[in-house]
Amino acid sequence: MTAKTVASVEHAPPAHWVGDGFHVRPLFAGKAFTPAVSPFLMLDYAAPVNFPPRPNPPGVGPHPHRGFETVTIVYAGEIEHRDSAGHEGKIGTGDVQWMTAAAGVVHDEFHSREQSAKGGLVSMVQLWVNLPAKDKMSKPRYQTLLAADIPTVALANNAGSLRVIAGAFGDAKGPAMTFTPLSVWDVRLNAGAKTGLPMPVGHRSMMPVLDGEVSVGGRKFKAGDVVFFSDEGTAITVEATGDAKLLILSGEPINEPIAHYGPFVMNTQAELRQAVEDFRAGRMGDLAA
Ligand code: MN
């Protein structure tokens, strides 16, 4: 294995509110919606916030998406979704919702009623994954990946653990069905641990640090940093200087133009105008109250 080197680093801007339910830092804001993060588009991280009990769940009301997938990983609390394709579900700690908006859905995202009534910690990430042009107008799909169905790999030398949400790590295969080859790993490292993670060849790789501190090649990184690795090399070698919570994201870049406007990600400006028109005309459906 040859180690991938650090190609660049992004430092996340301060947090902002998405609706009234999610206090997020856009972790690679400076590179979002560019080829540098392909096949991913953007990543919001809501660090744990303690919400007081309230009868009306906080969150984000009905809004559309077209042309990509939203992946929500819950670290704490319980979140409820509904969409215009008739899907709905609740995901709790350790669960993942992998929603393929594709041709278009209107959905909402709230703390669950139970979560809201009792209050408490809510923490999650939402990752946007691009679709190749040929799949952007496919049928919307919804995968609920429960914690029990996500394999956890114990890393050698008591270095920590790695949950395979998508892609494969050794014999462990993530449950997510994806349109292009990609990996999403939820990683915990123990203080003082050094570990080498083999990476699929030909993938673009990045490592958002969600909590704690790590070092790569002698350089230190802290929560809110995203390490971008060289395309060359076959492994990531990372050392935790304290207990650390990371994501490892990698995938084959989709080498197609990216046109982005709000909740729509297409290939051309004309397709974006069509998306706005289709949404306004109700062609992405509606959420009955
Ligand atoms: Mn959404």
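Residues are numbered from 1 along each chain as its sequence is written. In this predicted model, local features need pLDDT of at least 70, side-chain atom pairs count only at pLDDT 80 or more, and totals for chains, interfaces and linings use all residues, while side-chain values use heavy atoms, without hydrogens and water.

**Exercise 1. The metal site**

Task: Identify the protein donors of the manganese ion and state whether His63 and His65 are buried or exposed.

Solution: 
- Donors are N, O and S atoms within 2.8 Å of the metal (3.2 Å for Na, K and Ca); water is not among the atoms, so sites may look incomplete.
- Along the chain, the donor spacing reads H-x1-H-x41-H-x1-E.
- Buried means under 20% relative accessible area, exposed over 50%, partly exposed in between (1.4 Å probe, protein chains only).
- His63 has 17% and is buried. His65 has 2% and is buried.

**Exercise 2. The largest pocket**

Task: Describe the largest pocket by volume, central residues and lining class.

Solution: 
- On a 1 Å grid over the protein atoms alone, a pocket is an open set of points with protein on both sides within 12 Å along at least five of seven lines; lining residues have an atom within 4 Å of a point.
- A volume is the space filled by probe spheres set on the points, joined across faces, edges and corners.
- The largest pocket holds about 270 Å³.
- Of its 14 lining residues, Val18, Met42, Asp44, Gln126 and Trp128 are the closest to its centre.
- β3 (22–26), β4 (40–51), β5 (59–65) and β11 (120–130) each supply at least two lining residues.
- Nonpolar covers Ala, Val, Leu, Ile, Met, Phe, Trp, Tyr, Cys and Pro; charged covers Asp, Glu, Lys and Arg; the others, Gly among them, are polar.
- The lining has nine nonpolar, three polar and two charged residues.

**Exercise 3. The cavity**

Task: State how many cavities of 30 Å³ or more the structure holds, and what lines the largest.

Solution: 
- In a cavity, a 1.4 Å probe fits but cannot get out.
- The structure holds one of 30 Å³ or more.
- The largest cavity has a volume of about 40 Å³.
- Its lining includes Phe51, Arg54, His111 and Gly119.
- By class, the lining of the largest cavity has three nonpolar, four polar and one charged residue.

Key: Helix = DSSP H or I, 4+ residues; strand = E, 2+ residues; numbered from the N terminus.
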